[in-house]
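Thanks for making time this morning.

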Number of protein chains: 14
Amino acid sequence: MDSTTTIAVASIIMAGLTTAIGSIGPAFAEGRAVAQALSSIAQQPDSSNTITRTLFVGLAMIESTAIYCFVVSMILLFANPFWNHLTQ
Amino acid sequence: MDSTTTIAVASIIMAGLTTAIGSIGPAFAEGRAVAQALSSIAQQPDSSNTITRTLFVGLAMIESTAIYCFVVSMILLFANPFWNHLTQ
Amino acid sequence: MDSTTTIAVASIIMAGLTTAIGSIGPAFAEGRAVAQALSSIAQQPDSSNTITRTLFVGLAMIESTAIYCFVVSMILLFANPFWNHLTQ
Amino acid sequence: MDSTTTIAVASIIMAGLTTAIGSIGPAFAEGRAVAQALSSIAQQPDSSNTITRTLFVGLAMIESTAIYCFVVSMILLFANPFWNHLTQ
Amino acid sequence: MDSTTTIAVASIIMAGLTTAIGSIGPAFAEGRAVAQALSSIAQQPDSSNTITRTLFVGLAMIESTAIYCFVVSMILLFANPFWNHLTQ
Amino acid sequence: MDSTTTIAVASIIMAGLTTAIGSIGPAFAEGRAVAQALSSIAQQPDSSNTITRTLFVGLAMIESTAIYCFVVSMILLFANPFWNHLTQ
Amino acid sequence: MDSTTTIAVASIIMAGLTTAIGSIGPAFAEGRAVAQALSSIAQQPDSSNTITRTLFVGLAMIESTAIYCFVVSMILLFANPFWNHLTQ
Amino acid sequence: MDSTTTIAVASIIMAGLTTAIGSIGPAFAEGRAVAQALSSIAQQPDSSNTITRTLFVGLAMIESTAIYCFVVSMILLFANPFWNHLTQ
Amino acid sequence: MDSTTTIAVASIIMAGLTTAIGSIGPAFAEGRAVAQALSSIAQQPDSSNTITRTLFVGLAMIESTAIYCFVVSMILLFANPFWNHLTQ
Amino acid sequence: MDSTTTIAVASIIMAGLTTAIGSIGPAFAEGRAVAQALSSIAQQPDSSNTITRTLFVGLAMIESTAIYCFVVSMILLFANPFWNHLTQ
Amino acid sequence: MDSTTTIAVASIIMAGLTTAIGSIGPAFAEGRAVAQALSSIAQQPDSSNTITRTLFVGLAMIESTAIYCFVVSMILLFANPFWNHLTQ
Amino acid sequence: MDSTTTIAVASIIMAGLTTAIGSIGPAFAEGRAVAQALSSIAQQPDSSNTITRTLFVGLAMIESTAIYCFVVSMILLFANPFWNHLTQ
Amino acid sequence: MDSTTTIAVASIIMAGLTTAIGSIGPAFAEGRAVAQALSSIAQQPDSSNTITRTLFVGLAMIESTAIYCFVVSMILLFANPFWNHLTQ
Amino acid sequence: MDSTTTIAVASIIMAGLTTAIGSIGPAFAEGRAVAQALSSIAQQPDSSNTITRTLFVGLAMIESTAIYCFVVSMILLFANPFWNHLTQ
């Protein structure tokens, strides 16, 4: 394989793997947070506002790690510095 | 293998693996959230509206990580920048 | 192996693996949700309507990730863009 | 190996693996759902009709992911598009 | 290895593996269901008829995934379409 | 290696592995069922007849998956169709 | 390696592995059953006869899967059909 | 592969893997912390201010390990000292 | 490697592995049974005779799987049929 | 590959892996400590000062192991003694 | 490698691995038994004699599996039949 | 690769891996100890001095294993006896 | 590699691995026993003498498996029979 | 690679791995013991002297397995008998 193909293959593989692995942790964590939020609302319906607000802040923090992975994946596909170096 | 075949094979493998791995985390997480929602409704039937609403927001957040994977998978199959570079 | 065979083999392997791996997560998640639904009905028979309705919405969400995998698998078998590019 | 043999071997391997892996998740999930159904009937014998009905709907949903795998497996063995392309 | 041997070896390996892997999930699931049935009978002896009936329906559903694996295994050994194509 | 040796080696390896892997699931499952049966008898001595009968039916179902594996293993050793094809 | 050596090595490896892997599941399962039997006797000393009898039947069922593995192992060492075919 | 390509491929692979693996731990940890915060608010609504404040400090500490990974990933892509040494 | 060496190496490796793997399951199982026996004696000192007797029968059953492994290991080292075939 | 490239590739791989693996343990541990701190504050609001102080000391200790990893990673990228030995 | 070296290397590797793997199971099992013994003594100080005696019998049974491994390891190092066959 | 490069690569890889693996255990252990300390303070605020003191002694013991790893890592990078033997 | 080097390398690798793997099981087991001893002392301070004595006997038994591993490791490094055979 | 380099590389790899793997078990075990000690002090403040003393004896026992690993690691780096044999 020549250089261009090798880099393209490595980018394709990592773009997929990064997004795939990066979806496991956040999905589990969000599932746990949402499940606990539902349990807490059932236990203390009067605090549902505070609970919902804290939940959304937490989901945003957790989602951020998924987004790091998606961003790296998009960089590898569409703004790959090594690919640009070779093809330009 | 020539360059075109190598990139095609890598794209096929990652398109499948990304969607497959990306379905594990969200599925588990949604199962957990739905199960807890059902438990909370049974425990506090009066709050079923709040619970259902929070559940749907949470499911949307969790599903988003599955959709990231599906989107990367579709990009690799139908809008692959490296494939387009070689075949155009 | 020539290009056609390589792509066919990769497509066959990923079509199987994607559906197989993609059945683990949703199956577990649906099992959990159904089990909790049954437990909730036994605990609060009066809310069985709300519980059943929420269960079905949840099962639909979880099944969707299994369907993403099945769709990718069918695309690889019957609408594979790389195979079509080579054989047409 | 020539092309025909390679594709045959890949199809045989994936036909077996897909069905085998695809039996793990649904079997566990059905076991969980059935176990919980039995527990719920023992806890609330009066709701055994609702429980049994919800159980059967749930088992059908879970079994569907096992059937996806079995279908892909049968397609690979008896309606393999790549095999047909080569041998016809 | 010539084509006939390769396909025979692949068929032997997958026939064994498919049945072996396919026995893990259903066995665990049936063990769980039976254990819960016994626990439920001890807890509610009066419902032992309903419990036993639901148990048998559930065991049949779970056993079906084991039978899918056994069927694929037998097809690979005694009705292998690729083997027939080569040896006939 | 010639064809006969290759098929013999594959048959030996799978005959062992199939029985070995196929003993894990059923053993665990039977252990669980027996343990729960003992616990149920201790909890409800009056139902020991129903419990023992349900246990034996369940053990038979679970043992069946172990027997599938043993049968495949014996077929590979003593009634192997591919071996017979070559040596006869 | 010639054919005789290859088959001897495969038989040695599988004879060991089959017995080794086949001891894990039954050992765990018997440990679980015995532990639960002891717990049940302590809980209900009057039923110690029924418990002991059910335990021994259960242990016999579980031990049978270990014996399947031991039998396959002995067949591979002392009554190997492929070895006999070559050396006789 | 020449030196430039090798380093580019290693950088691409590690940039993806580092971010992907680095998202698992923090995501789980944040999910756990958020879930416990929601549970604590439901248990002690009067302390929701202290709980929220401690939660945010903790999330910042946990997120820092995810950011270490993202920073190393960005260094490998855009400020790689070994790549600069070779290409400048 | 000549035939004698190959068989000797395979026998050495499997003799060690079989005993090693075969010690894991029984050790865990005996630990569980002993621990439960101690717990049961503390709970019901009057039944210590029945408990001790059942424990010893159970330990003998569990130890038997460890002894199967040790026996296979000794056969491979000191009564190996394949080694005897070659060196005699 | 020449010496310079080999060392560069090894440094890149370990710089990424060290930070990535090193983020798993501390993240989990901090999540556990923070979650328990929130639970303790909810349980004993009067001791929130002591709890917060102990939490911060503990987080500093845990973070130190993450920082060891980050430091080794930075040394490998920017102060690598073996790289300096070769390129100077 | 000549025959002597190969057998020596295999013996060294298995001597170490057998003892190492063989220490995991018994150590865990003894830890569990000892922990439960301490718990039982604290719960029923009057039965400490029976508990200690049963504990020692149990530890001897568990230690026996560790000793099997150690014995095989010593045989491989100092009384290896295959090594003696070649060097004598 | 010449000797110098090989030793440099091995040192780089182990320096990273040792610190990375060595951060997992201590981090988890410290997280557990800190979490339990917070729980104990909440449960018995009067003993917070004894608890904090015992916690710090324990953290020092646990941290020592992380420091062993870091020390070995630094020795491999900056005081490697094998590297010094070759380059001096 | 000549014979001397091969045996030296195998001895080095197994000396390290045997001690390393052999420290996992005993460490966990001792941690469990010590933790339970502390819990038992807190629960029954009057029996602290019996508990401490039983704990020390148990720790000695558990430590013995770690010492087996250390002894094998030292034999491989300083009294290796195969090394002595070749170098003397 | 010549003999000196091979032995140096093996020693470097095992020195790192032994310390790294050897830190996991003791760290977890010490974390467990310390956590339980803190819990016991909170539960029975009057026995804090006995608890602390037993804890320190236990930590010394556990730390000893970590020290075995560290000692083997130092022997491999600075007193390696095989290295000395070749370089002296």
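Predicted model: local features only at pLDDT ≥ 70, side-chain atom pairs only at ≥ 80, totals over all residues.

How much area do chain H and chain J bury between them, and what share of it is on carbon and sulfur atoms? The two chains bury about 3,600 Å² between them, with 81% of that on carbon and sulfur atoms, where buried area is the accessible area, taken with a 1.4 Å probe, that two parts lose on being put together, summed over both.

Residues are numbered from 1 along each chain as its sequence is written, chains are lettered from A and ligands numbered from 1 in the order in which they are written, and side-chain values use heavy atoms, with hydrogens and water left out.

Staying with chain H and chain J, the contact, meaning heavy atoms within 4.5 Å, takes 40 residues from chain H and 44 residues from chain J.

On the side of chain H that touches chain J, at least two residues each come from helix 1 (3-43), helix 2 (48-78) and helix 3 (81-87) of chain H, helices being DSSP runs of H or I of at least four residues, and strands runs of E of at least two, numbered from the N terminus. Helix 1 of chain H gives the most to that side, with 19 residues. By class, that side of chain H has 21 nonpolar, 18 polar and 1 charged residues, with Ala, Val, Leu, Ile, Met, Phe, Trp, Tyr, Cys and Pro counted as nonpolar, Asp, Glu, Lys and Arg as charged, and the others, Gly among them, as polar.

How are these two copies related? Chain H can be laid on chain J with an RMSD of 0.0 Å by a turn of 26 degrees and a shift of 0.0 Å along the axis, the superposition being by least squares on the C-alpha atoms of residues with pLDDT of at least 70 in both. Only 18% of the interface residues of chain H are also interface residues in chain J, so the copies meet through different surfaces.

Turning to chain E and chain F, 44 residues of chain E are in contact with 40 residues of chain F. The count of salt bridges between chain E and chain F is 0, and 5 residue pairs are in polar contact, both at pLDDT 80 or more. Helix 1 of chain E gives the most to the side that touches chain F, with 26 residues, and by class that side of chain E has 29 nonpolar, 11 polar and 4 charged residues.

Other pairs do not meet: chain G and chain H do not touch, their nearest C-alpha atoms being 31 Å apart, and no contact joins chain H and chain L, whose closest C-alpha atoms lie 11 Å apart.

Finally, the record: in an unreviewed entry, UniProt lists residues 53-79 of chain A as "transmembrane region", with positions given in the numbering used here, feature names shortened, and annotations that may be inferred rather than shown by experiment. In the model, the end C-alpha atoms of residues 53-79 of chain A lie 36 Å apart, and the span is 96% helix and 0% strand.

Terms used:
Salt bridge = Lys/Arg side-chain N within 4 Å of Asp/Glu carboxyl O. Polar contact = N/O pair within 3.5 Å; in protein donor to acceptor, adjacent residues only side chain to side chain.
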